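Let us learn to read a model step by step. Please open the sequence and the 3D view.

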Amino acid sequence: MEYFKRFLNHQPESTKQNPLQRARRQPWSQRLQKLRPASQRLLGLANEHTSAPSNSSQGDHTSPHKRRRKHRRHHSKMSHFSGPWSRDLATLKKSISLIPSDHKSSFTSASNKTLDVFCDEEALHVWETDSEIDSMLQLISVLAKLCDLGVRESKDSAKGMKGGIVIVAEEDRSKGHFGRLCELVKYITGETGSKHLEGTVCSFASASIVVVRGWNYRPSSGEPNNHQGEAVVKRVGTALERTLSASKLHKIVWHHGAVIEPLLSFINTTTTALRNAIVGISVTNSLHLTTGVKPSTAGRSNTLPDLERLQNYAKRLGGVPVLFLDSGTLNITSSYLATYVYFFAYYIHTFLPSSLARPHLHAAQDELVTFAFRLRGASEKRYESDVVSVVKKHLESRSKTWARQCIDPRSYEKGKCQTAGKENAVHHAVQLADAPFSSSKTLNSSSSDGVPAFSRLAIGPASPVSAAKEVYVAAPVHISFETARLRASHPSYFHVLLPKPDITQENITNRIQGLMMGVLERVRQERGNPSFGSNEKQMWKDVVKACSWALEGCEGKMPGKIAERVKFVQDKLTKGTWGYVVGAPGDETKAVPVTGGSEAANANAAALAAYPRAGAGLQNTYAQGYGQQQVPMGTTYGQGQQATQGMMNLLTHAPQQYQPVQPQQYVQGQQGNQLGTGPPGQYAAPMNGYGQGQASGYGQVVLPQGFGYAQQIPSAGPPASQHGYA
């Protein structure tokens with residue numbers, strides 16, 4: 001271990017003598033080029049000037065012969081073709097289905113080679129990310145694969161692991177992404193980690209897992225952005241060099257977020273050796289392609305020159321593929337994790353330590369109280385400070401540890417109070433009442449971004465390439481950002497990940513559910529069942545008391561449709577998942593036992609007694625999520641073919657180890673949770689067969705009626721044009 005500490009803190013002598021390392025971070029160009037005027041930007045923000053790579057890099061010792069060979073490897077033996085321009089995803093899919101037979105092999109070959117790159121287990125994978133719940137769950141799936149979680153010999157060490165990962169944490173000191181991600185890796189690996197580079201890097205598993213402090217996308221007005229950017233490039237580059245050496249890997253697959261300018265800066269100014277090691281780049285949630293080519297909310301800071309530079313860099317790096325991941329394109333349309341994670345409000349405490357889950361619980365409780373008192377204020381025509389005084393009167397003083405938004409007068413402006421009764425706001429409150437763990441990405445209930453990080457579950461070292469190819473196509477496309485159109489085209493450096501034509505939205509949802517069940521079982525084998533302290537129970541009791549008072553006072557003062565919707569919020573406060581877990585007022589006898597923070601009582605035996613067929617059904621789920629064998633899935637892909645559902649080729653345990661631990665309260669109190677009839681479907685009944693007591697892909701798994709899943713509505717587009725291929 002001392003050797004690794006010295007290795008991480010000091011540059012090796014061999015590196016100092018390496019001519020590739022002496023030519024450090026030479027820009028690809030020595031001057032700035034003027035690019036397109038602001039009128040031609042994708043969304044007119046930032047940077048009138050930017051640098052573009054020149055034909056040769058100073059200090060580039062890669063021979064021209066090798067560079068040409070890289071280009072041939074990507075494009076040789078494939079016919080060139082260009083499809084018709086498409087203004088939306090439906091039209092693009094239609095044009096792909098009409099590819100002439102003499103071009104289909106080239107299209108399929110380009111797609112398969114791209115998926116091979118992004119699912120390569122022998123590459124160092126770089127994940128640029130934040131610490132929102134969906135991002136952490138996605139990282140857990142990768143870490144569980146790399147660490148052999150649940151099947152390794154020692155549960156307190158990840159040494160000797162195969163592969164490597166560098167997590168570049170978005171810098172936002174108000175949220176502390178770097179510290180939270182370090183804590184997550186510590187929880188999963190069982191190691192304390194060691195800090196380096198003045199505390200900006202933390203390494204685990206003999207330097208094969210590294211967390212590094214990354215870029216700040218929202219710097220303060222007085223912060224020197226250029227200096228900050230240069231420091232991050234140097235820090236990330238040093239972490240990559242040392243991780244490549246420690247893990248004995250030679251290729252880098254870079255998984256980036258929505259804002260691409262920092263990635264461009266890194267490529268332009270890092271070492272030649274690192275630049276040449278990049279073999280693939282994925283960009284997550286930067287573009288929305290369902291109804292046209294347009295930036296996502298998170299990707300609005302990208303300019304047209306940025307996107308053009310990205311394509312230019314991909315070409316100059318030897319034709320590396322750039323893969324765009326979009327949750328909407330992949331049919332991940334719900335913004336709520338309860339749609340994709342079995343008993344999310346219960347098992348989130350197995351996936352994450354309480355210290356990481358608690359801030360999201362506090363934020364959701366704050367949102368719920370704010371929603372209830374906005375309705376009360378609107379019904380009584382009281383706003384701002386008048387409402388705050390009422391909140392403080394009915395919310396216990398001990399709630400000050402988490403109450404922020406609900407005691408801010410700005411939260412009760414007239415317009416905000418009057419919009420609280422809209423359907424999307426009530427629907428959001430229903431979801432929070434059932435599973436009160438809020439992400440800043442879903443604070444706006446009208447968000448159409450789905451669960452952004454879950455689009456990353458489709459690829460990566462935890463996704464066997466054979467399984468990925470059965471479900472997805474990495475379509476080579478040419479994107480015209482000026483006209484907001486795209487078309488299938490080869491050769492192309494841009495690719496879009498699409499579900500295959502026979503893969504439906506329900507298939508994708510079931511696939512994610514199966515994967516997350518498999519990941520859950522691996523984590524649970526090492527961390528046990530969820531544990532809750534008395535503090536969680538008391539907080540929820542205070543929330544239910546305050547919200548119930550506010551909502552009951554609105555009766556008779558709201559339009560009938562709003563009142564009917566609000567009843568579902570009231571029901572979920574006491575009959576939702578979290579209400580059962582901690583024991584909402586009036587349901588204390590159904591709660592999971594709490595003993596001041598000790599582990600919750602294991603309800604497995606009671607669950608199996610109540611549902612004798614549940615174990616066998618869920619065995620298939622875990623086998624698909626982690627097993628090597630193939631399992632028939634008649635309801636998963638719609639064709640009844642043999643398929644590996646999940647993403648991890650981990651060894652499977654004996655069937656008796658794959659028994660779900662269902663919260664005891666569902667066994668005891670399920671019959672009282674029937675919603676019966678009600679207004680719109682997203683409140684009245686769950687989707688994907690849950691209302692019939694069966695989740696597709698799980699076998700006969702009885703789940704409580706009215707579980708509160710978000711409604712799944714397949715996207716639709718205008719009729720496809722019938723243009724031919726060139």
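The dialogue below covers confidence, helix packing and the sheet.

Q: What kind of model is this, and which residues count?
A: It is a predicted model: local features need pLDDT of at least 70, side-chain atom pairs count only at pLDDT 80 or more, and totals for chains, interfaces and linings use all residues. Residues are numbered from 1 along each chain as its sequence is written, and side-chain values use heavy atoms, leaving out hydrogens and water.

Q: What average pLDDT does the chain have?
A: pLDDT is the predictor's confidence in each residue, from 0 to 100. The chain averages 74, and 67% of the residues score at least 70. Over residues 594-661 the pLDDT is below 50. That stretch still has 188 contacts in the model beyond near neighbours in sequence. Contact means heavy atoms within 4.5 Å.

Q: At what angle do H14 and H15 pack?
A: Helices are DSSP runs (H or I, at least four residues), strands are E runs of at least two, and both are numbered from the N terminus. Axes are lines fitted to C-alpha atoms, for helices over the stretch in contact; angles run from 0 to 180 degrees between N-to-C directions. Helix H14 (residues 354-380) packs on helix H15 (residues 385-394) at about 125°, with axes 10 Å apart. So H14 is oblique to H15. Angles under 35 degrees are roughly parallel, over 145 roughly antiparallel, 65 to 115 roughly perpendicular, and the rest oblique.

Q: Which residues of H14 and H15 meet?
A: Val369, Phe373 and Gly377 of H14 meet Val387, Val390, Val391 and His394 of H15. By class, this contact has five nonpolar, two polar and no charged residues. Ala, Val, Leu, Ile, Met, Phe, Trp, Tyr, Cys and Pro count as nonpolar; Asp, Glu, Lys and Arg as charged; the others, Gly among them, as polar.

Q: How do H7 and H13 pack?
A: Helix H7 (residues 133-146) and helix H13 (residues 344-351) make an angle of about 55°, with axes 12 Å apart. That makes H7 oblique to H13. Ile133, Leu137 and Ile140 of H7 touch Phe344, Ile348 and Phe351 of H13. The classes here are six nonpolar, no polar and no charged residues.

Q: How many strands form the open sheet, and which are its edges?
A: Two strands pair if DSSP finds at least two bridges between them. Twelve strands form the open sheet, with mixed pairing. Strands E3 (81-82) and E6 (194-196) are the edges, each pairing on one side only. Helix H6 (residues 101-118) packs on the sheet, touching strands including E3 and E14. The direction of H6 makes about 105° with that of E14.
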